[in-house]
Amino acid sequence: MESTCIIPQSFVVILFLTNLYVNKEMEEEMFCYIHEGGELVKTAVGSIEYKGGRTNCSVVSKNISQSEFVSKVCGVLNLDSNSIKLEFIVKFDPSCLLPLHNDGDIVNMFKFNDMFCHVYISQCTECGDDLICPTSGPTPIVASNSAHVSSIGEPPLHISNESPTIQSVGFSQRCAMTNTVQLQPSRFEHSIVGSGHTFPNASEFRDAIYLMSLAGKFRYSYKRNSPKHMTVVCTIEDCPWKITARAIGDSNIVQVHTFRNVHNHCLEDVVLSQPLVRSTRASLVIDDVIRSTPEYQPRQICKDFVRQHGIQLTYLQAWQMKEKAKERIYGQPKNYYKLLPWMCERMLATNPGSSVELSYSDDDHFEKLFVAHSISIEGFVRGCRPIIAIDSAHMSGPYGGALFSATSYDANDSMFPLAFGVMSSENYEDWLWFLEKLKIVVGNKEVIIISYKHHALLQYSFLSKHNTRGNKGKENALQFLDSLAYGRLEHDYNVSMFELKNYNEALATWVEENESHHWVISKFPKKREDKMTINLAKSFNAWLRIERHHSICNFLLEHMSKLASMLVKHQEESKNWKWCIGPKIEAKVQENIAKGAVYPVTPFKNGVFGVCIGRALLNVDILNRTCTCRGWQMLGIPCEHATTVIISIGQNVTDFVDDCYKYPMQELIYGGSFSGIETHDMPTVDDDGLVRSITGEVPRKKRIESQFQDKRPVYCSRCHMSGHNRKTCKNPLP
């Protein structure tokens, strides 16, 4: 239950600056919200809230004098100007309260604060020895240099008289007069609440001490440091801060005995007392951020530490902090490979029909993993176009490896993940194993596989045979290569080859000798569908760019989560299609319609039409859905010549689009079911590397079998019949 501490009635004045531009000269005014009659409430976690009361407003000039400012505030609050004390802070040292005595202090208050300035008003009485004692908590005034009116900022936590830094009489005033820094607690200041606070072990006590030093910006040292007795002091000489803790009996539980949470540092001590950066303990600060934002980058950690804690980290320190935080949250990465058998079994049980293959080396080390979820297999077999783009990318986790992927197209020409593999390396044997598993998934469906060789490697090998120096020569050579590869007709290929021979005979010979039927459209024996690059597979790698940095089990879980989100998104988007085809296919149709609008059409018999393009005549067969350019039959979408013919006969172009692009096919692709695996009963790995279930038992190792794998038949050695063994045999002996 949350407890609160009610501070006696106080007054809150919130000032906001508005900028007015007159004759190119800026004149600033302060708009004041004045709250009275309420209470400042300090919660158990140390935050301050103002509750109740009434609200008034007032406007004062930025050029107001100190006496006018005091009179105006006191007039609204009905206070005696001789019985109040005003203090303010500056942006570069918010822990130090400076007195607001004269007009120069008013100028400095705005000069050294960019966005917000906090001013505190307290009713005080004289205590003797020229010291002033506050009779109530200080009243915060918040001034803003922006035109945006925001809520009150969090006042310093020493607002309550119960704060250890206020226990010394006139401490705030001495801070301002003698350059003493008043250390204020922040998020982790209350990691230890006082004497009697217990911790499960000494390590957690040391973590709490470090977090306190980080929040309070001081350095500590251990005068005594053992699991049974620890004494911690501030490194600044004569500083009274001290905490001692002892173990309770023979247990590991540590209890705080002495808790003296009071500092007395001078400004000269600030540099000497900066906390040390220890990646293991400092990583505790970013645990929550890593949980919610796994892509939290080391460079951002460096910036946040400077802004929040005033500590400059190196990139290596920030990276180590992130790795330590991930290890504490997710466990040691090497242990997750031992949980793969459990993960594979759970994936098969959760989504029956999936293909999951796990392979280990002879010395029981991870080698290969193949995963194709049931919804991906069903969607591809039911309606995806028979094109698969394969590629590999590096796994950027602690143990590296390679990520193999197989991706296809849905009815809207969008990415549809089919299968992926995680390999300990990338070589010929790994690719052969992956493609063998992929072949089982595809079944009897005839597919076209596009790999990396078809583009970048081909260009590199092509240019390596080119002797012309300079970028211009390379550009010309690549233009010849593209004209050869993308030409749809045999005539186009012959013309391009003739020009290439005239340009460079050696390059033309290279093309003829390098299996052109694999990468030249006009030579390809199957339906090519105009797909020549692996941009789709590259999209898959970019899609999992962040997840590839994580451990193997987290990668599997996050892939399932992203896959589910993608499937739902594509399915919902398909319900909003304007026509029976998706928006990407519709854009291609409209583009072809615009290109073919100027072509004249000549009708012939039996559904054949002639389309004139300059001196050339192309035939379009509406009944067989073919065109001389081969664009219609290759892609399944009416080409620019066919769209002209279809519109000329008063038909709808979308009716002639292949069924693989239409909504019913999209429904079949995304019509399956898919669920995420439950991990509440996931086994754990001991420090000695032994896998244990949540009940403490050691699971028996079991080989993961694919549902496509044929099981060896069982024969009885007693009756020599199949289907049972000797122990369960019930057949009578002859």
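This report walks through a few spots in a predicted model, from its nonpolar cores to a pair of hairpins.

## Before we start

Because the model is predicted, local features need pLDDT of at least 70 and side-chain atom pairs count only at pLDDT 80 or more, while totals for chains, interfaces and linings use all residues. Residues are numbered from 1 along each chain as its sequence is written, and side-chain values use heavy atoms, with hydrogens and water left out.

Let's begin inside. The largest nonpolar core holds 65 residues; such a core is a set of buried Ala, Val, Leu, Ile, Met, Phe, Trp, Tyr and Cys residues joined through side-chain atoms within 4.5 Å. Leu340, Leu369, Val422 and Leu438 have the most contacts inside this core. Its largest share, eight residues, is supplied by helix α19 (residues 552-574). Helices here are DSSP runs of H or I with at least four residues, strands are E runs of at least two, and both are numbered from the N terminus.

Take Val422: setting aside neighbours within four places in sequence, its contacts (heavy atoms within 4.5 Å) include Leu369, Met395, Ile552 and Phe555. There is also a second, separate core of 38 residues, with Phe188, Leu284, Val285 and Ile290 among its members.

## Around helix α22

Glu640 sits in helix α22 (residues 640-648). Glu640 is buried but has no salt bridge. Buried means under 20% relative accessible area, exposed over 50% and partly exposed in between, with a 1.4 Å probe and protein chains only. A salt bridge needs a side-chain nitrogen of Lys or Arg within 4 Å of a carboxyl oxygen of Asp or Glu. The nearest side chain of opposite charge, Lys595, is 4.5 Å from Glu640; Lys and Arg count as positive, Asp and Glu as negative, and His and the chain ends are not counted.

Val653 lies in the loop between α22 and α23 (663-669). Val653 counts as buried because its relative accessible area is 5%. Thr643 is 10 residues from Val653 in sequence and 6.2 Å away, C-alpha to C-alpha. Val653 also touches Val589, Ile593 and Pro638, among others.

Strands β25 (residues 601-603) and β26 (residues 608-613) run antiparallel, joined by three bridges; strands pair if DSSP finds at least two bridges between them. Pro603 has Phe609 as its bridge partner. Four residues separate the strands of this hairpin, and Asn606 in the turn has a positive phi of about 60°.

Next, β26 pairs with β27 (residues 616-621) in the antiparallel sense over six bridges, with Cys612 partnered by Leu617. This hairpin has two residues between its strands, and Gly614 takes a positive phi near 65°.
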